[in-house]
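Here's a quick tour of a protein chain, written for someone just starting out with structures. Have a look at the sequence and the model first, then read on.

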Amino acid sequence: MPKKEEAKPKEEPKKEAPKKEEPKEVAPAEKEVAKPEKPEKAAKPEKKKKPDKKIHTLYKVEQDKVSRLRPTCERCGTGYFMADHGNRYTCGHCGFTKYKRAENGHV
Ligand SMILES: [Zn+2]
């Protein structure tokens, strides 16, 4: 059979230093068991700081101007903000989803 050449780069096996086989010495049994250190607190997952979800975060006030930071739903009209989901906006009222990439044209 011809040798199969794989496209994958060959991974060299990790070279490990050859272990010297030491003669087994009968060491005195260590009776002192190291006590594990007490955990400072019960392991609680650290609370992640969530972004502020309050309504005022949707507006930006500049002097006497108010600008909305979220787009409004095209179906529901003004007054219905769309939630920012990173790559898309969605309307919680009607479920309309607007992808941010769509602004560059159809994909
Ligand atoms: Zn809507």
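**A briefing on the strands and their loops**

Let's start with E74, which sits in the loop between β3 and β4. What you're looking at is a predicted model, where local features need pLDDT of at least 70, side-chain atom pairs count only at pLDDT 80 or more, and totals for chains, interfaces and linings use all residues. Residues are numbered from 1 along each chain, following the sequence as it is written.

**The whole chain**
- The protein chain has zero helices and six strands.
- Reading from the N terminus, the order of elements is β-β-β-β-β-β.
- Of the 107 residues, 4% count as buried, where buried means that 20 or more other C-beta atoms lie within 10 Å of the residue's own, exposed means 12 or fewer, and partly exposed is in between, with C-beta atoms placed from the backbone.
- Take the contacts between residues at least 6 apart in sequence: 0% of them join residues at least 24 apart. A contact here means that two C-beta atoms, placed from the backbone, lie within 7 Å.

**E74 up close**
- Why is E74 partly exposed? E74 counts as partly exposed because it has 13 C-beta neighbours inside 10 Å.
- E74 and T97 are 23 residues apart along the chain, and their C-alpha atoms are separated by 9.7 Å.

**The β1-β2 pair**
- A bit of background: strands of a sheet pair through backbone hydrogen bonds, either parallel or antiparallel.
- β1 (residues 59-62) and β2 (residues 65-68) pair in the antiparallel sense over four bridges; two strands pair if DSSP finds at least two bridges between them.
- V61 has V66 in β2 as its bridge partner.
- Two residues lie between the strands of this hairpin, and Q63 is in the loop there.
- Q63 isn't a glycine, yet it has a positive phi of about 50°.
- Q63 is exposed because 5 other C-beta atoms lie within 10 Å.

**The four-stranded sheet**
- Which strands form the open sheet, and in what order? Four strands do, in the order β3-β4-β5-β6, with antiparallel pairing.
- The edge strands are β3 (72-73) and β6 (97-99), and each of them pairs on one side only.
- β3 and β4 run antiparallel and are joined by two bridges, with T72 standing opposite F81 in β4.
- β4 (residues 77-84) and β5 are antiparallel too, joined by three bridges. Bridge partners here include D84 with Y89 of β5, and A83 with T90 of β5.
- Three bridges also join β5 (residues 88-91) to β6, again antiparallel. In this pair, Y89 stands opposite K98 in β6, while R88 has Y99 in β6 as its bridge partner.

**The hairpins of the sheet**
- Three residues link β3 to β4 in a hairpin.
- The hairpin of β4 and β5 has three residues between the strands, and G86 takes a positive phi near 90° there.
- How many residues lie between the strands in the hairpin of β5 and β6? There are five, and in that hairpin G95 takes a positive phi near 90°.
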